[in-house]
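Dear colleague,

Please keep the structure open while you read.

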Amino acid sequence: MNRDGLDLLQRGAALLELDLTAQLPAFEHLFSLLQAGNERLNLTALKTEEDIVLKHFVDSLTCLRGGYLEGELKVLDLGTGAGFPTFPLALVRPNLHFTAVDSIRKKIDFVRDTATQLSLPQVTPLVGRAEMLGRSPDHRERYDRVVVRAVASLPVLAELALPLLREGGLLVAQKGAITAEELNAGRRAAGEVRGKVQVVDPFDLPILGDARTLIVIEKLGPTPSKYPRRAGVPTAQPLFWTPPPRTAR
Ligand SMILES: C[S@@+](CC[C@H](N)C(=O)[O-])C[C@H]1O[C@@H](n2cnc3c(N)ncnc32)[C@H](O)[C@@H]1O
């Protein structure tokens, strides 16, 4: 990463009230691993320095808004892709113990190599589908937090994430702008799996100004055993919602 990229990262982080001075070398290292990984594996659509710095690094760090990820916590990153938001969060919050999950093996292979290279033993990569993990005794109701960025609509996320949380645990979902219809369906879906939408926090991505929303759903009680439904069904038939064509984030 060149000097401009480092400045951009520090400026973006400062707007989130984070001082990354100590972590800059690690972010530089992550940047070069991501670029090399992209050349080999085509991991992410974001390729320019500015995009990676602002739309991956700073964007992931916005999950810290509101203080829902502070303390010694077991966190599952659902659909981590190339390791986002896991890596930026792990670099600035070493007390978070991540299980970084994705259904695509090549992405998790990259996450494993990167965690080793960045000396992040608190990041555990796992190939799997959320629907399967949500039914496995090793993972169901085992996590303090589920974080998720850019994976699915809110009703789908509620069904996939709530089974993985212990009672009192939180789903922290970082999304783009959310429609009233999606939010309404998300509230109903959350209730169905014994959660409640506690926070809807709209904000602008630092520097770029793109619309983002942090949504927090608290788990209030045991999720009925019929959830999550089998692999693919939560996305194909979201609870309480018919998605419009081409939903993003
Ligand atoms: C658009 S990417 C986002 C990746 C990353 N969270 C980010 O913000 O860059 C969505 C990822 O979620 C994964 N994914 C989607 N549904 C999943 C599921 N049910 N279980 C596990 N991974 C899933 C996909 O394989 C993909 O890598």
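A residue is called buried here if 20 or more other C-beta atoms lie within 10 Å of its own. Please bear in mind throughout that this is a predicted model.

Arg149 has 23 other C-beta atoms within 10 Å, and therefore it counts as buried. Arg149 belongs to strand β4, which covers residues 143-149, and, when residues up to four places away in sequence are not counted, Arg149 touches Ser60, Phe84, Pro85 and Gln174.

Turning to the ligand, there are 16 residues around it, of which Gly79, Gly81, Phe84, Ala130 and Arg149 come nearest. The elements that give two or more residues to this shell are β2 (96-102) and α6 (130-133).

The UniProt record, which is an unreviewed entry, carries the annotation "binding site" for Gly79, Phe84, Ala130, Glu131 and Arg149.

Glu131, one of the residues in that annotation, is found in helix α6. Is Glu131 buried or exposed? Glu131 has 20 other C-beta atoms within 10 Å, so it is buried, given that the cut-off is 20 or more. If its neighbours within four places in sequence are left aside, Glu131 is in contact with Leu160, Pro228, Arg230, Ala231 and Pro234.

Methods. Residues numbered from 1 in each chain as written. Predicted model: local features only at pLDDT ≥ 70, side-chain atom pairs only at ≥ 80, totals over all residues. Near = placed C-beta within 6 Å. Helix = DSSP H or I, 4+ residues; strand = E, 2+ residues; numbered from the N terminus. UniProt positions renumbered as here; feature names shortened; annotations may be inferred. Buried ≥ 20, exposed ≤ 12 C-beta atoms within 10 Å, placed from the backbone. Contact = placed C-beta atoms within 7 Å.
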